[in-house]
Amino acid sequence: MSTVEISDLHKSFGRLEVLKGIDFTVESGQVVCVIGPSGSGKSTLLRCVNLLEQPTSGKVIVDGVDLTDPDVDIDAARRRIGMVFQQFNLFPHLTVRRNVTIAQERVLKRRRDECDSVARENLEKVGLLEKLDAYPPQLSGGQQQRVAIARALAMNPSLMLFDEPTSALDPELVGDVLSVMRQLAEDGMTMLVVTHEMGFAREVADRVVFMDGGVIVEDGPPEQVIADPRHERTREFLRRVLHPGTDPGT
């Protein structure tokens with residue numbers, strides 16, 4: 001069963017066409033990693049999946065709901081989609097507990113005691129239960145990103161979107177965030193991940209999608225796309241990412 005179905009997706013900003021006819025699906029329980037150079041359209045694609053960006057044309061269907069239908073209840077549809085951004089987007093003046101409970105209360109209309117229980121459960125899942133009453137500025141970047149993941153999980157999403165979740169972190173903090181994401185994958189969460197972390201994509205992804213110039217150049221299992229890419233553009237990109245500083249022609 002497909003959680004995400006994207007067909008002939010186009011997105012333009014003025015005269016600049018960023019997505020040029022994207023077609024792909026994400027099956028329930030799959031982890032799909034999207035890789036590619038800056039400006040290839042990866043983040044725009046992700047933002048079109050929950051309509052943070054309105055597609056110019058094409059269809060985006062999530063859990064059987066056509067998000068591009070003008071009559072869709074987009075707020076209801078978005079409740080089933082969790083998103084984790086490059087920046088953590090936490091409320092600095094609210095405790096970790098309140099950051100994780102506020103959307104539960106206001107969007108899902110849960111009782112405060114239920115919100116607190118769900119917050120504790122998900123903070124424990126990301127290894128930060130002891131930070132329940134801390135404020136975001138008191139946390140490291142990696143801890144803040146793990147709180148952001150807990151906040152998204154607290155809404156019981158069927159799909160998690162990650163937009164380069166480790167790109168703003170110091171290298172020594174990346175591992176803890178990726179460890180949480182690995183555990184989510186093992187638990188069967190459907191995940192669409194824009195990432196530059198090739199090790200994570202190789203180990204965790206069911207499929208890797210390589211984008212360049214607003215199109216999907218290559219789509220397949222990591223052992224094919226990363227280890228034995230078919231397209232020269234994919235090979236060139238991976239040489240630059242995996243062996244920085246080397247001559248692309250070598």
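I began with helix α5 (residues 141-153) and helix α6, whose axes come within 8 Å and cross at roughly 20°. The model I am reading is predicted. Angles under 35 degrees count as roughly parallel, so I noted α5 and α6 as roughly parallel to each other. Their crossing is right-handed.

Next I looked up the residues between them. On the α5 side I found Gly141, Gly142, Gln145, Arg146, Ile149 and Leu153. They meet Leu173, Asp176, Val177, Val180, Met181 and Leu184 in α6. I sorted this contact by class: seven nonpolar, three polar and two charged residues.

I then followed α6 (residues 171-186) to the strands. This helix lies across β3, β7 and β8 and runs at about 145° to β8.

Which order do the strands take in the sheet? I read β6-β7-β8-β3-β9-β10, six strands in an open sheet with mixed pairing. At the edges stand β6 (81-84) and β10 (215-220). Each has a single partner strand, so one side of each is left without a neighbour in the sheet. From one strand to the next, the twist averages 15°.

I checked one pair inside this order. Strand β3 (residues 31-35) and strand β8 (residues 190-194) pair in the parallel sense, over four bridges. Cys33 stands opposite Val193 in β8.

My last entry is helix α1 (residues 42-49), which also packs on the sheet. I found α1 touching β3, β6, β7 (159-163), β8 and β9 (207-212). The direction of α1 makes about 150° with that of β7.

Conventions
Residues numbered from 1 in each chain as written. Predicted model: local features only at pLDDT ≥ 70, side-chain atom pairs only at ≥ 80, totals over all residues. Heavy atoms only, no water. Pairing = 2+ DSSP bridges. Helix = DSSP H or I, 4+ residues; strand = E, 2+ residues; numbered from the N terminus. Axes fitted to C-alpha atoms, helices over the stretch in contact; angles between N-to-C directions. Contact = heavy atoms within 4.5 Å. Parallel < 35°, antiparallel > 145°, perpendicular 65-115°, else oblique. Left-handed = near helix turned anticlockwise from the far one by under 90°. Nonpolar A, V, L, I, M, F, W, Y, C, P; charged D, E, K, R; others polar.
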